[in-house]
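Here is a short note for a colleague who is opening this structure for the first time. Please read the points with the model in view.

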Amino acid sequence: MVTGAQMEPEPLVRVRAALQAAGVEGEIRLFADHLTTVSAAAEALGVEPSRIAKSILLFAGGEPVLVVAAGDQRVDRQKVKALLDRGKVTLAGPDEVLAVTGFVAGGVAPVGLLRPVTVLLDETLQRFPDIWAGGGAPEALLRLRVEDLPRATGGVFADVAQSVERG
């Protein structure tokens, strides 16, 4: 049971502080279960999977890059490589995710990262007025208006994904 007297976990405090610093409103919802997949988050919220934004940490030429992509999209590493022109693009492992973002894999928020990184926003997110992303912990989800994503994250919209084939 969570009471008002209990301290909020540091990663959630960091997310709230980042939103406040950017002048962006967001809603953090906490759940009893870990929601580490697009489908689990979509089911818990009662929204379509495409409205869930996944924050994927990559390294491009050894430099960290966070790609925030719609749940029905797959990050296209070749597009990221061509866009940034930094060299080979690789997926970060769980330890690297924690070290760079300060969030555990499965709960990465697009804001409040431990260190500055390049942020690329999947342009297909612009289909929606708002999206849900990781809230800083596996049991937390963050709702943000899509128009606020560049200001909140310091990122830019770009063609960085490809549609996931369903069915």
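1. A salt bridge here is a side-chain nitrogen of Lys or Arg within 4 Å of a carboxyl oxygen of Asp or Glu. Keep in mind that the model is predicted.

2. How exposed are these two partners? Glu27 has a relative accessible area of 25%, so it is partly exposed. Arg29 is at 36% and counts as partly exposed.

3. A network of salt bridges links Glu27, Arg29, Glu48, Arg51, Asp130 and Arg143. By the rule above, the count of salt bridges comes to twelve. As background, side chains of opposite charge can pair when their charged atoms come close.

4. Next, look at a pair within a helix. Glu10 and Arg14 form a salt bridge, 2.8 Å from N to O. Both residues sit in helix α1, which covers residues 10-22. Four residues separate them, about one turn of the helix.

5. Is Arg14 buried or exposed? Buried means under 20% relative accessible area. Arg14 is at 14%, so it counts as buried.

6. Lys79 and Asp159 make another salt bridge, with their closest N and O atoms 2.9 Å apart. This pair links distant parts of the chain, 80 residues apart. Lys79 belongs to helix α3 (residues 77-84). Asp159 lies in the loop between β9 (156-158) and β10 (161-163). Both ends are partly exposed: Lys79 has 27% relative accessibility, and Asp159 has 41%.

7. Now the overall build. The protein has five helices and ten strands. The C-alpha trace spans about 50 × 35 × 30 Å along its principal axes. For 167 residues, a compact globule would have a radius of gyration near 15 Å. The protein has 15 Å, so the two agree.

8. What share of the residues is buried? Of the 167 residues, 49% count as buried. The accessible surface comes to about 8,500 Å². Carbon and sulfur atoms hold 51% of that surface.

9. Contacts reach along the chain. Take those between residues at least 6 apart in sequence: 65% of them join residues at least 24 apart.

10. Last, the charges. There are 17 positive and 21 negative side chains in the protein. The centres of the two sets lie 3 Å apart.

Technical notes:
Residues are numbered from 1 along each chain as its sequence is written. This is a predicted model: local features need pLDDT of at least 70, side-chain atom pairs count only at pLDDT 80 or more; totals for chains, interfaces and linings use all residues. Side-chain values use heavy atoms; hydrogens and water are left out. Helices (H or I, at least four residues) and strands (E, at least two) are DSSP runs, numbered from the N terminus. Buried means under 20% relative accessible area, exposed over 50%, partly exposed in between (1.4 Å probe, protein chains only). The radius of gyration is taken over C-alpha atoms; the globule rule is 2.2 Å times the number of residues to the power 0.38. Contact means heavy atoms within 4.5 Å. Accessible areas come from the Shrake-Rupley method with a 1.4 Å probe; for residues, only the protein chains shown count as cover. Lys and Arg count as positive and Asp and Glu as negative; His and the chain ends are not counted. The place of a charge is taken as NZ of Lys, CZ of Arg, CG of Asp or CD of Glu.
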